[in-house]
Number of protein chains: 2
Amino acid sequence: MATKMNGQTLIFQNPPHIIGHASVVGPEEGKGPFGNSFDLVCDDVKCGKDSWEKGEKQMATDALNQTLGKAQLDPSDISFMLGGDLLNEIITTDFVARDQDIPFLGLYSACAVMVEALGLGSILMDGGFADCVLALASSHYQTAERQYRTPLEYGAQYPPYKQYTVTGAGAYALGWLGGQTWITHCTFGKVLDLGVKDSNDMGSAMAPAAADTILQHFMDLGRGPQDYDLILTGDLGQTGKKMLLSLLEEKNVNVKDKLEDCGALIFGGKKKYGSGGSGVGASAVMLGSVFIPKIVAGEINRLLLIGTGALLSPLTVQQEESIPAIAHGIVVEKIPGG
Amino acid sequence: MATKMNGQTLIFQNPPHIIGHASVVGPEEGKGPFGNSFDLVCDDVKCGKDSWEKGEKQMATDALNQTLGKAQLDPSDISFMLGGDLLNEIITTDFVARDQDIPFLGLYSACAVMVEALGLGSILMDGGFADCVLALASSHYQTAERQYRTPLEYGAQYPPYKQYTVTGAGAYALGWLGGQTWITHCTFGKVLDLGVKDSNDMGSAMAPAAADTILQHFMDLGRGPQDYDLILTGDLGQTGKKMLLSLLEEKNVNVKDKLEDCGALIFGGKKKYGSGGSGVGASAVMLGSVFIPKIVAGEINRLLLIGTGALLSPLTVQQEESIPAIAHGIVVEKIPGG
């Protein structure tokens, strides 16, 4: 049997196809430069429900249903659903799963959870443990702010490096037939903590973990930036992206012309959104709605997606802990002849 | 290739060995009937730290280190560490992982997370994606009560069916060499919600999910209670255990002489602990310290462990949602000739 693992990197022998995906976003994301790319833009962050949390659940449910529709799948075709979100006890994804008749595996790695779900889903597929997998993740500005920082009603002032949580949900179906892209590799990261304590400065907290996973991925596969058309991080924002560039430069790895960040892109760099978007919604919606179409169109051949997660809670902040972070990566490529 | 999946059940072709395990518990668990079975009984629920949460982290770290020691493993031998706990953003496990140089996959399924970690860990092993996996889970009475219900200082009165969260951490190393037991099957469950809204009544909320996963497991494998020496649930408590027996009897499945519950057992049925223990700590410490030794001694040949998780959060309780629940199962057997 060919090598399936090298260091922290898994090399899929039977890479699963991404046979469907859909994204649902809120009004702010809809006003951004990629507004027309998303499947559904909600003009109400509660989606007509009576709480923000129920609105987030509705967005995630809509993303799931649109994905099933696009891939022409019935829920009974799905072997396992994997996913998570940013809320305590991942209640968004739990409650979406409650309404589905699909075995469910709950995950938590903060904003890295979309990539964790796609990576573990690929393992289930490649290993012969599933015929079809659904990966799901979401975040929501209003639900995240009141949980992690202060309720919006307080009108707190924030520093310019603060990010703005993306309101968005993304779902992906992995299967064997159909689709034009597949997931060929996966690198699961380690938890790093370089001592950042400011819960507004997620980008700086997460950049070292992103650098570590990228360098590990290159080392494991004997690759470098030249082997990728795009290295796409999840939600470092402009501040974290700059820091990542510096950290990689220190190791003589130059990705300046190859690096983009979903969070830094999604709001078009407007000052209102500080350093850019954060939240797993950023990678969850941008991969499928913006970058997979570029792969399909031949503008990009091989993409390394690095999901970045800050593993803090309000309680660890109160207890004066610094912010641990993690980064997981997957490689998405065009299926040859696909 | 032989069938690896049947319905929701995965059949491991190369079942991973449990090559080491360790349990750390608090003083209340130490006073119970299995007090002498655990590797370490702490007489201080803070483990000398300045908060309960830091105490829980210390217990989980101790369980991890004792497991590595028993299995004669160096952290660098571990391909991946998987696990979770009950605290918001799984901070116990995140912060344990921060101190380890091991790639980490965070999971959340409330008190089902020990079984989720062992199941996914077995998939990584059987599929050739890991040489060695570490699975870790913990819960803690004081940290859980103040997060899920009320701070203990309030002295709230509770109904008799209320359970008492187990203070305990369990860690398991999966590998190919050594050990006398292995994990042969895994059944991942669906999220069920029959409308229970009382966050003190976890047993009743979780029993339907446990019944569903047990019945699915039997159906997938064409097995029944006669094929198991013990069906062991995680933390239904006495109330939930009775309900599970009734639910299975309705389906003409009689497990009366085969069913035990880690939570109902751990405190010896004393009134002080209500309906018994809850929390993922119950299954995390009882499997390794009480039941694996029984398998090794030949008292039990084949055990079905059903981890049971209640997927509520204080916020969903406040928003008047009912309590979704999930149950995941693994089969643990004596290795033939082992």
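What rotation, and what shift along its axis, superposes chain A on chain B?

Mentor: The model is a predicted one. Chain A is superposed on chain B by a rotation of 180° with 0.0 Å of shift along its axis, at an RMSD of 0.0 Å. The two copies are therefore related as by a two-fold rotation axis. Within chain A, A:Leu107 has the C-alpha nearest the axis, at 2.1 Å from it. Both copies use the same surface, since 100% of the contact residues of chain A recur in chain B.

Helix α5 may be taken next, beginning with chain A. The buried residues are A:Tyr141, A:Gln142, A:Thr143, A:Ala144, A:Glu145, A:Gln147 and A:Tyr148. Their cover includes three elements of chain A: α2 (52-70), β8 (164-165) and α10 (314-318).

The packing of helices α2 and α5 can be described in chain B. Helix α2(B), residues 52-70, packs against α5(B), residues 141-148, at an angle of about 135°, and their axes lie 8 Å apart. Because of that angle, α2(B) is oblique to α5(B). Their crossing is left-handed. On the α2(B) side, the contact is made by B:Trp52, B:Glu53 and B:Glu56, and on the α5(B) side by B:Gln142, B:Thr143 and B:Arg146.

Technical notes
Residues numbered from 1 in each chain as written. Chains lettered and ligands numbered in written order. Predicted model: local features only at pLDDT ≥ 70, side-chain atom pairs only at ≥ 80, totals over all residues. Heavy atoms only, no water. Axes fitted to C-alpha atoms, helices over the stretch in contact; angles between N-to-C directions. Helix = DSSP H or I, 4+ residues; strand = E, 2+ residues; numbered from the N terminus. Parallel < 35°, antiparallel > 145°, perpendicular 65-115°, else oblique. Left-handed = near helix turned anticlockwise from the far one by under 90°. Contact = heavy atoms within 4.5 Å. Least-squares fit on C-alpha atoms with pLDDT ≥ 70 in both. Buried < 20%, exposed > 50% of the residue type's maximum accessible area, 1.4 Å probe, protein only.
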